[in-house]
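My notes follow in the order in which I checked them.

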Amino acid sequence: MRTTLFALLALISLSLNAQMGSAKQVTWKYSSKKIADKTYELQITATISGNYHLYATKAGIEGPVATTFSFSPNPLLNYEGAILERGKRITKLESAWGGNVNFFENTVTFVQKVKTKNNAKTNVNGKVEFMVCNDDMCLPPAEATFKIPIGG
C-alpha cells in the first residue's frame with residue numbers, strides 16, 4: 001500500500017512539474033516602440049533556455065503547438081498586419097511530428113504593428129500560448145499574459 005501511494009505521489013509530482021515545464025524554459029519581455037505618429041511596434045521577446053526550442057507562429061505541420069498571440073479588444077487601437085518574427089528561424093525534419101517544423105532557439109522577437117486612434121495612453125493586454133521541445137522530449141504547452149503600455 002505504501003509503495004503504491006508513494007508511486008502515485010511521485011507521478012503526480014512529475015505531472016505537475018511537467019505542466020509548468022514550457023513556462024519554466026521561456027522568459028518573456030514586452031515593450032513598445034513608437035515608429036511613426038500614432039503607430040507603434042509591440043516587441044515581445046522570448047528567451048529560450050537550455051537546449052529547448054520554441055515553435056514559430058506557423059509551426060509547419062500539425063502536432064507541435066505554434067506560438068499564438070491573443071490580444072484583448074481595445075477600442076483605442078487597430079492592429080495592422082500579421083505578427084512578424086525577428087530571429088534565426090530553423091526548419092528541420094522532426095520524426096516525432098512526421099515532417100518539417102519551424103522553430104527558434106535561444107531568442108526570438110515577435111513584432112506586431114498597432115495604431116492608436118488618438119494620442120491617449122492605453123495598454124495592449126493579451127496572452128501568448130507556446131510550447132518548447134528538445135531532442136528528447138516536449139513539455140506541455142503554457143500561457144503567459146502580458147500588459148504593454150503605449151501612447152501618450
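Buried is under 20% relative accessible area, exposed is over 50%, and partly exposed is in between (1.4 Å probe, protein chains only). Strands are DSSP runs of E with at least two residues, numbered from the N terminus.

I noted that the model is predicted: local features need pLDDT of at least 70 and side-chain atom pairs count only at pLDDT 80 or more, while totals for chains, interfaces and linings use all residues. Residues are numbered from 1 along each chain as its sequence is written, and side-chain values use heavy atoms, with hydrogens and water left out.

I then listed the contacts (heavy atoms within 4.5 Å) of Phe69. Leaving aside neighbours within four places in sequence, Phe69 is in contact with Trp28, Ile44, Thr57, Ile83, Phe110, Lys127, Val128 and Phe146. In soluble globular proteins, nonpolar side chains tend to be buried together.

**Salt bridges**

How many salt bridges does the structure hold? I found five, counting a side-chain nitrogen of Lys or Arg within 4 Å of a carboxyl oxygen of Asp or Glu.

Glu41 pairs with Arg86, with the closest N and O atoms 3.1 Å apart. Glu41 is in strand β2 (residues 39-48) and Arg86 in strand β5 (residues 77-86), so this bridge ties together parts that are 45 residues apart in sequence. Is Glu41 buried or exposed? Glu41 counts as buried at 11% relative accessibility, whereas Arg86 is partly exposed at 41%.

I also checked Arg89 and Glu85, whose closest N and O atoms are 3.3 Å apart in a salt bridge. Arg89 is partly exposed at 41%, and Glu85 is partly exposed at 21%.

Asp135 and Lys92 form a further salt bridge, at 4.0 Å from N to O. Asp135 sits in the loop between β10 (132-133) and β11 (142-150) and Lys92 in strand β6 (residues 89-94), so the pair links parts 43 residues apart in sequence. Asp135 is exposed at 69%; Lys92 is partly exposed at 39%.

Conventions: Helix = DSSP H or I, 4+ residues; strand = E, 2+ residues; numbered from the N terminus.
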